[in-house]
Each structure stands twice: as C-alpha cells, then as structure tokens.
Amino acid sequence: RKHAPDQCGHRHTPYTYTFTATGYPTPTFTVHTGTLPAGFTLNPTTGVLAGTPTTTGPSTFTVTATNEVNPDAITPPITITVNAAATTVALTTTPNAGVGVVGVVLFAAVAPSTAGGTVSFSDATTPIAGCDSRPLNSGTATCVTSFTTAGTHTITATYSGNSTYATSTTSIPLYVTPTPDFFQIVFGYLIQLAYFFHLFGL
C-alpha cells in the first residue's frame, strides 16, 4: 500500500490517488465504510480514486482490497477535507488621485471571474466610505471615491469569498497629490461621469 492520500482538496480542482494491493487472484477495490467526497469515484479494478470535488467539508471512509482470499486488506480511516477554491485579487486605480479630486475609481478583479460575492475596499485599516461590500460584475468590483489627505495611501481590496471560493486580499500603494490642478479636477469628473454611464449601461 502506498502512502496515505492527501488529506486536503479544493473545490473544482481535480484530485487523484491510486490505491495498490498485490495478490492472486488480482484484488479489487471497494469503499468499505463511510462515503467518498461528493464528485469522487473509486475504480474497482485500478484502485484509482479520482474526481473534482463539488462540495466543501470533510469525508471519512475506508477502502478494502479483496480477492476472495481471507483476510481482506482494509485501510485505516481516511479523511479528506475539501476546502473552498483558491482566489486572487488584482487591484488597480485611475491615475488622477489628488486631494479633493472626485472620481478616483478603484477596480478589483477577482480570479476566477466566475466567483460570486463582494469586494470591500479600505485605506490601510480604515474602510473607505461607500466602498464596502461592492458586488462583483463579471469578476470585477468598482468604487468611486476621493481623498482628503495627501501622501501615500495603502489601498486594500478584500474579496468576501463564499461556500465555493475562498476569501483573498491584496494591497497597492496610491500616491495622493497635495493640491489637484485644473486638469486633475476635470479628468476626475470625466472619469466619474464615464463610470456612471457604464454602471447604468448608457
């Protein structure tokens, strides 16, 4: 018998392990007790345990190899815990950040793009007003904001996760200029206008 199967899997990620046994006649494999994780099958001839997990949580089972010659070979209890699928967040901003500039847009792209849920934005550890629990649209969450203090701000985007996908977070530095010039102000309002046109499909 080989080393024990990996005890962790991830939802929507293929998993495989091969049980081995020797003897004559050639042994066949069956689940002896318990149940396999949802989405898994055990090939009785090859001993291959394989599948793509469809639900999260632990499953405990044993496998027996039998060839009608006593005694059967039975594994110790095996527990495989399926975790939520991993995600990543990519964070970008529009390049017009100045004190008082209205229309700094924060973009958070969650991969895979099929993940549902929300993204919350913060400035260091302080939630950004109006940017909490922003819904994902085709894997991207956005928020329009402004800043009242100059300097380098650490902007963080945190994906909420759900029963299928794990939470994730990322941060980037954003430099806010002390005093916006005329072009920054105009550009900020144009960005905000374009954002709302896109938001409402105009």
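Two strands are taken to pair if DSSP finds at least two bridges between them, and the strands themselves are DSSP runs of E with at least two residues, numbered, like the helices (H or I, at least four residues), from the N terminus. The views below come from a predicted model, in which local features need pLDDT of at least 70 and side-chain atom pairs count only at pLDDT 80 or more, whereas totals for chains, interfaces and linings use all residues. Residues are numbered from 1 along each chain as its sequence is written, and side-chain values use heavy atoms, with hydrogens and water left out.

**View 1. Strand β15 and its pairing with β11 and β16.** Strand β15 (residues 151-159) pairs with strand β16 (residues 168-176) in the antiparallel sense over nine bridges, and within this pairing Thr 152 stands opposite Tyr 175 of β16. Strand β11 (residues 118-123) also pairs with β15 in the antiparallel sense, here over five bridges, with Thr 158 of β15 as the bridge partner of Ser 120.

**View 2. The open sheet β2-β5-β4.** Three strands form an open sheet in the order β2-β5-β4, with antiparallel pairing. Its edge strands, each pairing on one side only, are β2 (15-18) and β4 (40-42). From one strand to the next the twist averages 10 degrees, where axes are lines fitted to C-alpha atoms (for helices over the stretch in contact) and angles run from 0 to 180 degrees between N-to-C directions. The antiparallel pairing of β2 with strand β5 (residues 48-51) extends over four bridges, and Leu 49 in β5 is the bridge partner of Tyr 17.

**View 3. The aromatic pairs.** Rings of Phe, Tyr and Trp (its six-membered ring) pair if their centres lie within 6.5 Å, and planes under 30 degrees apart count as stacked, over 60 as edge-to-face and the rest as tilted; by this rule the count comes to two aromatic pairs. The ring centres of Tyr 15 and Phe 40 are 5.1 Å apart and their planes stand at 35 degrees, so this pair is tilted. Because Tyr 15 lies in strand β2 and Phe 40 in strand β4, the pair ties together parts that are 25 residues apart in sequence. With buried meaning under 20% relative accessible area, exposed over 50% and partly exposed in between (1.4 Å probe, protein chains only), Tyr 15 is buried at 9% and Phe 40 is buried at 8%. Tyr 17 and Phe 19 form an edge-to-face pair, 4.9 Å centre to centre with 80 degrees between the planes; Tyr 17 is buried at 7% relative accessibility, and Phe 19 is buried at 4%.

**View 4. The disulfide.** A search of the whole structure, with a disulfide taken as a pair of cysteine sulfur atoms within 2.5 Å, finds one disulfide. This bond joins Cys 131 to Cys 143 with an S to S distance of 1.9 Å, and the torsion about the S-S bond is about -75 degrees, so the disulfide is left-handed. The pair links distant parts of the chain, 12 residues apart, with Cys 131 in the loop between β12 (126-127) and β13 (134-135) and Cys 143 in strand β14 (residues 140-145). Cys 131 is buried, with a relative accessible area of 0%, and Cys 143 is buried at 2%.

View 5. A cis peptide bond, with omega about -5 degrees, joins Asn 70 and Pro 71, and Pro 71 lies in the loop between β6 (57-66) and β7 (73-74). Glu 68 lies in the loop between β6 and β7, where its phi is near 70 degrees, a positive value in a residue other than glycine.
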